[in-house]
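Student: I would like to learn how to read sheets and helix packing in a protein model. Could we work through one together?

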Amino acid sequence: MILIADSGSTKTDWVLHDGSGIVTRVKTQGLNPTQQSSDDIFMILSTELADKIDQDAPKTIYFYGAGCAYENANKRMEAALKKIFRTNDIHINSDLLAAARALCGHEEGIACILGTGSNSCLFDGEKIVDNTPSLGYILGDEGSGAHLGRQLVSDCIKKQLPKELREKFLEQYNLDIAGILERVYHTPLPNRWLASFTPFLSENRKYAEIQALLKHCFKQFFQRNTMVYRRSWLPIHIIGGVAMNFANEIKETAESLGLSIGNIVESPMDGLIEYHKTN
């Protein structure tokens, strides 16, 4: 049996598959080895996963995750998994490769992630041949939930939104300037906190200012992450909760730039199951 994990910054989806169907499906919190130590990851696996999947069941593990693009980070993830499961056949890959395999299969295309964070790549049907580095929520992550939330908070505090909308936002989340600064600069994982405001954007998308905010962020994503591949004829496929939630705004923004959107799906898991059944 194989165990496939798709991990973002917020949550991880685990599927144990026997080749003919799903045996077990589990959700845990997100795991990111660039932000968490091997011991931190092991603690999460121990408390949220170990009692739900037999440690002898998976013979091969494919872990796809945010932050799994560098050797040291991948070693931390592998070490934590080896403490839980009795197999050495463990493959650690980036969430971007998961998106490419799930969205493109064996076809050429541009695969993207728009979730808590964002990323993109040019996929030739077999491997990633080009990638614009995400750079994380401080230096990059354009179009992501963290970026949208950061822009919303900034626009609210700097009075770029109508008064009634600013007051509604601050009251709904019980926020003030001091609290925002404390949460962003002095507590762990501020990217997740910023991304938690995307429901507010969805609920208030009727406002012209919110539409402008969304399309500004998505335009930045395309201009700084996909158009650099200079493959305007290729479809742009996107995975992630932000992509699903704001599909209309994404399509309208892409069309204004002369780009073509292909598939938009929330999770790569179904595509990954199919991919590993044939490989």
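Student: In what order do the five strands of the open sheet that includes β6 stand, and what is the pairing?

Tutor: Residues are numbered from 1 along each chain as its sequence is written, and side-chain values use heavy atoms, with hydrogens and water left out. This is a predicted model: local features need pLDDT of at least 70, side-chain atom pairs count only at pLDDT 80 or more, and totals for chains, interfaces and linings use all residues. Helices (H or I, at least four residues) and strands (E, at least two) are DSSP runs, numbered from the N terminus. Two strands pair if DSSP finds at least two bridges between them. Here five strands form an open sheet, ordered β8-β7-β6-β9-β10, and the pairing is mixed.

Student: Which strands stand at the edges of that sheet?

Tutor: The edges are β8 (128-131) and β10 (261-265). Each has a single partner strand, so one side of each is left without a neighbour in the sheet. From one strand to the next, the twist averages 25°.

Student: How many bridges pair β6 with β7, and in which sense?

Tutor: Strand β6 (residues 109-114) and strand β7 (residues 118-123) pair over six bridges in the antiparallel sense. To find a point on this pairing, look at I110, which stands opposite L122 in β7.

Student: Which helices lie across β6?

Tutor: For the angle, axes are lines fitted to C-alpha atoms, for helices over the stretch in contact, and angles run from 0 to 180 degrees between N-to-C directions. Helix α10 (residues 208-226) lies across β6, β7, β9 (236-239) and β10, and runs at about 135° to β6. Helix α12 (residues 247-256) lies across β6, β9 and β10, at about 165° to β10.

Student: What is the strand order in the open sheet that includes β1?

Tutor: That open sheet of five strands has the order β3-β2-β1-β4-β5, with mixed pairing. At its edges stand β3 and β5 (90-94), each with a single partner strand, so one side of each is left without a neighbour in the sheet. The twist averages 15° from one strand to the next.

Student: How do β2 and β3 pair?

Tutor: β2 and strand β3 (residues 22-29) pair over seven bridges in the antiparallel sense. W14 stands opposite V26 in β3, and the bridge partner of L16 in β3 is T24. The two strands form a hairpin with four residues between them, and G19 in the turn has a positive phi of about 100°.

Student: How many residues of β1 and of β2 are buried?

Tutor: Buried means under 20% relative accessible area, with a 1.4 Å probe and protein chains only. Five of the six residues of β1 are buried, so β1 is largely enclosed by the rest of the structure. Strand β2 (residues 11-17) is mostly covered, with six of its seven residues buried.

Student: Which helices lie across β2?

Tutor: Helix α2 (residues 71-84) lies across β2, β4 (60-65) and β5, running at about 140° to β5. Helix α13 (residues 269-277) lies across β1, β2, β3 and β4, at about 145° to β1.

Student: At what angle do helices α5 and α6 pack?

Tutor: Helix α5 (residues 145-157) and helix α6 (residues 163-172) pack at an angle of about 120°, with their axes 10 Å apart. That makes α5 oblique to α6. Angles under 35 degrees count as roughly parallel, over 145 as roughly antiparallel, 65 to 115 as roughly perpendicular and the rest as oblique.

Student: Which residues make the contact between α5 and α6?

Tutor: From α5 they are L152, V153, C156 and I157, and from α6 they are R166, F169 and L170.

Terms used. Contact = heavy atoms within 4.5 Å. Buried < 20%, exposed > 50% of the residue type's maximum accessible area, 1.4 Å probe, protein only.
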